[in-house]
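Dear colleague,

I am handing over the structure below, and I would be glad if you could read through it with the notes that follow.

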Amino acid sequence: MSAPRRVVVTGMGSVSAGGIGGSAAVDRILAEAASPIRPVLAFDTAGWPSRLGAEVDDAALEGLLDPAAARRLSRICRLTVAGCRLAVEDSGVPPGPALGLVVGTEHGDFRSSEEFVTGYLKRGPSGLSPMIFPNTVMNSMAAVAAIEIGARGPSVTVNQATVAGDLAVARAAALVRDGRALAVVAGGVDEMLGQVYRRLSEMGVLSPAAGRGPEGCRPYEPDHNGVVLGEGATFLVLEDLESARARGAVIHAEIRSAAWGNLCVAPHTAPPRRRDPHSPALRALVSAAVAPSAVRTCYGSGNGDPALDDWELGLLAADRLPAPVSLTSRFGQHGGLGALRVAAAALDRARGTVPSATGLVVVHGLARGGCRTALLIDRAA
Amino acid sequence: MTRVVVSGLGVVSPYGTGAKTFWTGLANGTCAIRPLTAIDTEGFRSRIGAEVPADVLASLGPSRRRARADRLALAAAREALADADLSPTDRACAGLFVGAVGGGMFEAETWYWEETRTGRPSPRIGALRSILPSTHAETLSFRLGLCGPKETVVMACASGAASLALGLDLIRSGAAPLALCGGVDALTRVCFMGFNALRLLDLEPCRPFDRDRKGMSIGEAAAFVVLEEAAHCRERGGRVHAEFLGAGMTTDAHHVTSPEPNADGMVRAIEEALTAAGRAPGDIGYVNAHGTGTPQNDRVEALALARVFGPGRVLISSTKSLVGHTMAAAGSVEAVASVLTLQHGLVPPTANLRATDPDVPFDCVPETARAVELEAVLSNSFGFGGQNVSLVFGR
């Protein structure tokens with residue numbers, strides 16, 4: 001591998017309840033105040049503890065995919081392909097062996113798994129569809145997206161709760177930095193599915209089950225009482241700085257450093273404030289040779305889960321980083337959100353909305369089970 | 001460039017627990033593919049596979065409520081850490097890369113079957129807590145005190161190999177001095193039914209590279225290795241099994257389930273691994289092939305090997321003919337097999353190979369292990385989605 005490279009963001013593509021498009025659309029969507037969270041329409045929530053979600057209107061995908069692909073692909077694969085295509089078109093990055101892909105997801109294609117198994121339970125072995133089976137493997141979204149965008153470098157799918165998109169972007173930054181690819185399309189995707197929604201609702205994961213007050217997504221607020229699910233796909237194009245310059249790409253921001261780590265806690269738990277001796281936020285700052293005081297804005301992964309929100313606030317305070325702002329109340333919790341947070345940070349820096357020329361933005365993520373991520377975003381070099 | 005060594009090995013395979021048991025099975029050419037007992041195979045074309053025996057599973061410690069895959073992973077990971085003889089301080093800074101696909105699906109299927117068939121809520125709903133592949137990494141990090149960067153890699157049948165490749169990158173980047181890397185998959189009904197539906201399973205134990213091969217045999221396993229910065233290992237007096245020289249990762253971007261017919265993606269992965277390792281094709285004495293036993297995979301892999309090494313210029317064999325295709329674990333199972341092959345100077349055979357396919361212009365070491373002096377070996381793993389990963393290990 002060659003010497004570490006500088007990593008920049010040269011493209012964005014997003015399909016979320018907030019809207020669809022490349023970097024200009026993402027900028028516009030992020031500037032809107034209204035949240036698209038509303039009662040779920042895709043399935044009947046009657047009798048369940050929760051009813052809200054941030055849904056993608058499938059009709060909005062028309063025109064983004066050719067009709068044959070739309071028929072052939074599962075819904076989550078359609079979301080992924082649309083998000084990746086938008087990002088690649090936005091960036092203009094060429095296909096080929098130097099282009100990689102990283103997809104983060106929490107749930108993958110459960111819809112296909114359910115459909116595959118239901119065929120067997122209804123009709124026995126003859127009810128099994130060989131066409132659906134490949135979709136039950138969680139890398140199916142990356143598989144079809146790699147073909148669509150011509151990504152012939154490394155293609156990695158990471159499975160992670162809450163911060164799948166953050167981890168995917170951090171992983172992609174490492175692939176570029178370490179010389180495994182000149183550019184990587186990276187982000188995350190998840191879709192809402194009735195079976196999953198219902199179980200999470202009944203298990204008390206979704207608002208309002210975890211506390212008193214009305215149903216809603218209120219990260220870091222005193223009355224936060226659970227998660228509201230969203231869905232969609234957001235992808236960024238991360239690219240080697242020199243390569244991006246050489247082809248005259250628009251550079252939105254630089255990822256100065258990316259780090260991720262792990263707090264050793266029991267699976268699915270979010271114990272109250274603990275020290276993190278290996279804080280990825282601090283490691284990211286040290287790696288970029290900047291002090292916490294240089295960070296002006298922090299996007300956090302707070303999603304309304306009371307224990308997780310409080311844990312994240314405690315860890316960020318211990319690292320002397322600014323109080324975080326969350327986008328989850330706008331778009332609902334889903335695997336694409338981490339990439340949307342990085343997009344927001346990159347556009348903040350590009351627009352100069354960060355209040356100091358030297359100010360940096362940290363995109364921070366924390367999940368139950370202890371996965372913690374940090375990306376340090378700066379102005380375009 | 002930072003040198004990275006393999007300082008610990010751990011395996012739970014259809015032969016039983018432990019790397020020694022695994023090696024004995026491989027060296028003797030014992031085929032562990034038999035009629036399946038863990039899942040109902042009634043009505044399916046193929047009814048065989050390589051499963052971890054029930055008495056071995058029962059011996060894996062007291063936590064019988066844990067998912068089958070978590071139990072396999074914990075046992076293999078514990079062995080690797082014990083083999084490396086790491087202190088709690090070393091463990092606290094260790095990264096963790098887990099290749100996984102099925103997660104806790106074996107238990108979740110039982111729950112789903114029960115609810116769907118009875119129409120009533122099943123008390124087994126707790127199974128859903130470990131359904132996601134990422135649960136393995138959470139369980140391992142918590143139980144084993146691993147506090148470095150943690151990642152769950154889902155790259156189909158190349159997952160286990162990819163976990164080692166990414167662990168290598170992590171150590172070389174300086175983010176951690178060591179990492180526990182490997183893969184795990186337990187048998188699941190979805191996997192068994194899916195490969196049956198695709199008609200990719202042989203009705204008899206698989207025969208990779210054979211002229212009359214009819215498909216693969218599924219299996220289950222967990223295998224982990226401790227990767228460590230060579231200087232860190234030396235300073236603490238750790239044991240070196242092998243040096244991990246380099247890795248290549250590419251994607252075909254051609255078809256979801258079929259490899260690129262001209263083998264370009266595989267060739268790029270192998271060449272990338274050799275370049276990263278600083279080795280020429282002639283330096284490699286043995287290739288632990290992906291070798292599934294499907295007509296298509298073996299033909300294309302042989303083409304890739306012929307393009308890189310030249311026909312007949314390297315020994316190859318398939319571990320899958322002995323322990324089945326262990327899915328997400330396969331890449332790490334075969335990485336361990338490759339390291340042990342180097343250590344022992346003995347190439348495990350390809351079982352059930354009676355007449356080598358003329359399209360496979362290589363000595364595939366049929367039936368009986370062969371003693372060979374080896375300086376470097378290569379391990380291939382390919383998966384759905386056109387995922388290609390190649391690893392190079394040296395003495």
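The largest nonpolar core in this predicted model has 274 residues, and those with the most contacts inside it are Leu236(A), Leu238(A), Leu227(B) and Val336(B). A nonpolar core here is a set of buried Ala, Val, Leu, Ile, Met, Phe, Trp, Tyr and Cys residues joined through C-beta atoms within 7 Å, and a residue is buried if 20 or more other C-beta atoms lie within 10 Å of its own, exposed if 12 or fewer, and partly exposed in between, with C-beta atoms placed from the backbone. Because domain 1 (7-254) and domain 2 (256-378) of chain A both give residues to this core, it lies between them; the domain bounds come from an automatic or database domain assignment. Leaving out residues up to four places away in sequence, Leu238(A) touches several residues, including Val7(A), Val9(A), Ala172(A), Val176(A) and Ile255(A), where contact requires C-beta atoms, placed from the backbone, to lie within 7 Å.

The centres of domain 1 of chain A and domain 2 of chain A, taken over C-alpha atoms, are separated by 20 Å. Their contact takes 58 residues from domain 1 of chain A and 45 residues from domain 2 of chain A. On the side of domain 1 of chain A that touches domain 2 of chain A, H6(A) gives the most, with nine residues; helices (H or I, at least four residues) are DSSP runs, numbered from the N terminus, as are strands (E, at least two).

Turning to chain B, there are 13 helices and 15 strands, and 66% of its 395 residues count as buried. The C-alpha trace of chain B spans about 60 × 50 × 40 Å along its principal axes. Residues 24 or more positions apart account for 80% of the contacts in chain B with a separation of 6 or more. The mean pLDDT (the predictor's confidence in each residue, from 0 to 100) of chain B is 96, and 99% of its residues reach 70 or more. For the complex, the predictor gives an ipTM of 0.97 and a pTM of 0.97.

With kind regards

Key:
Residues are numbered from 1 along each chain as its sequence is written. Chains are lettered from A and ligands numbered from 1 in the order in which they are written. This is a predicted model: local features need pLDDT of at least 70, side-chain atom pairs count only at pLDDT 80 or more; totals for chains, interfaces and linings use all residues. Two residues are in contact if their C-beta atoms, placed from the backbone, lie within 7 Å.
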